[in-house]
Amino acid sequence: MNKKRVYTFGNGKAEGQANMKNLLGGKGANLAEMNLIGVPVPPGFTITTEVCSEYYELGRDKVVSLLQEDVKNAIANIEQLMNATFGDIENPLLVSVRSGARASMPGMMDTILNLGLNDDVVEGLIRKTNNPRFAWDSYRRFVQMYGDVVLGMKPVNKEDIDPFEEIIEELKEERGVKLDNELSVDDLKLLVSKFKKAVKNQTGHDFPTSAYDQLWGAICAVFDSWMNDRAILYRKMEGIPAEWGTAVNVQAMVFGNMGETSATGVCFSRDAGSGEDLFNGEYLINAQGEDVVAGIRTPQQITKVGSQRWAELACVSEEERLAKYPSMEEAMPSIYAELDALQTKLENHYKDMQDMEFTVQEGKLWFLQTRNGKRTGFAMVKIAMDLLREGMIDEKTALFRVEPNKLDELLHPVFDKKALKVASVIAKGLPASPGAATGQIVFFADDAAEWHAKGHKVIMVRIETSPEDLAGMAVAQGILTARGGMTSHAAVVARGMGKCCVSGAGALKIDYKNKTMQVGDLVLKEGDYISLNGSNGEVYLGQIQTKEAELSDDFRELMTLADKYTKLKVRTNADTPCDAQIARNFGAVGIGLCRTEHMFFEGEKIKAMREMILSEDTEGRVKALSKILPYQQADFKGIFRAMDGCPVTVRLLDPPLHEFVPHDLKGQEDMAAMMGVSVKKIQERVESLSEQNPMLGHRGCRLGNTYPEITEMQTLAILGAALELKAEGIHTYPEIMVPLIGNVVEFQQQEAVIRTTAEKLFAEKGDSIEFTVGTMIEVPRAALTADKVASSAEFFSFGTNDLTQMTFGYSRDDIASFLPVYLDKKILQVDPFQVLDQEGVGQLVRMATEKGRSIRPDLKCGICGEHGGEPSSVKFCHRVGLNYVSCSPFRVPIARLAAAQAAIEG
Ligand code: PEP
Ligand code: MG
């Protein structure tokens, strides 16, 4: 039997259907399906993906001859349905040619429109449309598109100029006009002849005039495009096999600019912004598709309600609206009724909000395309829950209708859309913590506090932040840094606070002395307004209005639904009772990481801490630590109280000590006075603490092992707090965590200090608390020797920030200097500090979990690096069998949804 290579569709009939994506590509299957359910689409045909493989096996000539008869018959079918003839001068049929693979591959090949035109046919088109300008414009676009795409005239390098664009620019300059549409009809004619000359010059051949020659050229160009560099790279990134091939769709062109009974437009079955179940869209009478988006004419609304809403916003009176901008419902009532019925049909069929394009040609409605519509995070949640309530989709489908990351939009303030449209971007950094912020520039924490106290909204701008900046960050609307990656101090702290942050904006030059920041020639000073978009990393000049986040009932219902399917628990990273409470409200079931160093910075605490660090002997340190103990204990009480009944993992002190000491003269003088020593002595000590590589230096458990008295004090504070709360009837489940071990002995010695201190405390108090002692796995060696570690440690928490740093050898704080280049050159597909590198770092996580559980089968394993709130990483954690993920409070909902999706995916 002859292999079927061409599938026709049109007039309610189709040889293919929706489930034939593999053979017909996504687009082809969809076009067939629309026909079958009674949606009028311009007739056409699809050449199968299998032919693409034949093309590469047998070559062009063989495939063209194999297809010859089928394509001729399929064109005849279109001619009959459209009552026009391909290549005919009197009544020409024009077609479009598009690629369409199984999986969508945006930008693989440009569409070719108006195929079938030549110098004679263009006259026929003029007679048909009565619009010489349109006909000649279509012709010149066709020659340009065909030249670029089919004849290979598009420059390979981005920097090179398209030969056709060059010709257009020359002519515009000659005519003294700026826009393409200012050229006359004669100019367009001239362009066509110049274009054809350019084709001859560059390719050595005349531009093809026969419609069939044009068609074969276009069909083969689609197949060729399957192997172009862009497509190969895209397939590699998305894991799409080359054998899949692409289909080719050829379809009749229809025109919305054939007079007052013709129109073109786009519509949505629901509101893409709010999610409301409200049919809406825009159209233009006597126009072609591009006019709707080009902004030359004001598009009109499709529905009467939409039109009235629009008029109100645009301050247009009802009389003017009806006269100049009537809705389609009013201007073309019967076509509108048909459109409305069909949009409902399409939504019911695809069970999702549809984004549709249509054209009305002389009173006949045609759908050109339907697809699931893009929507805001807010609309995503509302539409999913509405469709679930309407019985259109089931619970699991509803959970997959929301992209976890899109939930961010519901949790943080966003910019007012209109205001954002006119804003100018002055720099770009990493989208370190989502949300929108607008305020006045300040450079120092003290200034931030001062300005804030006076009622100003401030943006804190720093080269990079350190714990000293915490108080300023806390009162700022947002944080902008010139250096630092996605796990830099600024990024991690801002996310914890739910505050907008853009980090690593390398174009900024910050001058602390003069309190200025410079980008290019623009110099901004303290007090000037800027705005930040922490969701895309953009920095804008001036103030932009923001809108506060509101949590909807739909959001809450979605979260409850997620929990029904989730296996992985979601905890939070929180260091204050307030953050802990926010996270609990978002559904966190424990704290997976409490970074205790953040507790040392306020008021008296930092003084005592500095005293401890600057002391020369154990005795001095113990004395200073005894001053810190009550503060720490009170802090832990606050957190345990907020997390009543939930486990709390408290990590022992982690950062290098030099982060706590004063680096400015004033601070050093204060310290000297307080401790009764010379400033010089203080300076010497500060100097002695400085390190070449602090990230790899005296930090983590290396501190506790060199100064066990710190571990002792922290153990007393943690367990002392728990004991006091026990007396109040509050349930605590402390998990004491040792950071940065690479060798089991590092852990064992710390564990011994913790347990001995606990025993002493319990004996003294005559009461006890159940607690566990575990470790972070964040040094590759700890992962490699996880079985040994698990013989002592009662739980593992993967610190994937440090683990990523040490596995790749990329500094967490300095990656911004080369990351953009690496992403651009595709050396990295994503920032590994944002998205867990499953292949490398993930391998360590998987192996350590398996090794650990081989020794201790019930070993509790979690993750507390920043990846714990990133959807693909959360799904990985589920697959590896971790017990929980822990993330900053505002990411808890995202992690809950991703965890539910992971459980359903199995
Ligand atoms: C980590 O390294 O992943 C971690 C959570 O610890 P920190 O970010 O505090 O180094
Ligand atoms: Mg760490």
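**Close-up 1. I904 counts as partly exposed, at 23% relative accessibility (20% to 50%, with under 20% being buried and over 50% exposed; 1.4 Å probe, protein chains only).** This is a predicted model, where local features need pLDDT of at least 70, side-chain atom pairs count only at pLDDT 80 or more, and totals for chains, interfaces and linings use all residues. I904 sits in helix 37 (helices are DSSP runs of H or I, at least four residues, and strands are E runs of at least two, numbered from the N terminus). Leaving aside residues up to four places away in sequence, I904 touches K396, L399, F400 and Y565 (contact means heavy atoms within 4.5 Å). From I904 to D813 it's 91 residues in sequence and 36 Å in space, C-alpha to C-alpha.

**Close-up 2. Helix 36 (residues 871-880) meets helix 37 (residues 892-905), with axes that come within 8 Å and cross at roughly 50°.** Axes here are lines fitted to C-alpha atoms over the stretch in contact, with angles running from 0 to 180 degrees between N-to-C directions. On the helix 36 side, the contact includes P871, V874, K875 and H878; among the helix 37 partners are I894, A895 and E905.

**Close-up 3. E778 (OE) and D802 (OD) coordinate the magnesium ion (ligand 2) at 2.0 to 2.2 Å.** Donors are N, O and S atoms within 2.8 Å of the metal (3.2 Å for Na, K and Ca), and sites may look incomplete since water is not among the atoms. E778 comes from the loop between strand 31 (772-777) and helix 31 (780-784), while D802 lies in helix 33 (residues 800-808), 24 residues apart. E778 is buried at 2% relative accessibility, and D802 counts as buried at 2%.

Residues are numbered from 1 along each chain as its sequence is written, chains are lettered from A and ligands numbered from 1 in the order in which they are written, and side-chain values use heavy atoms, with hydrogens and water left out.
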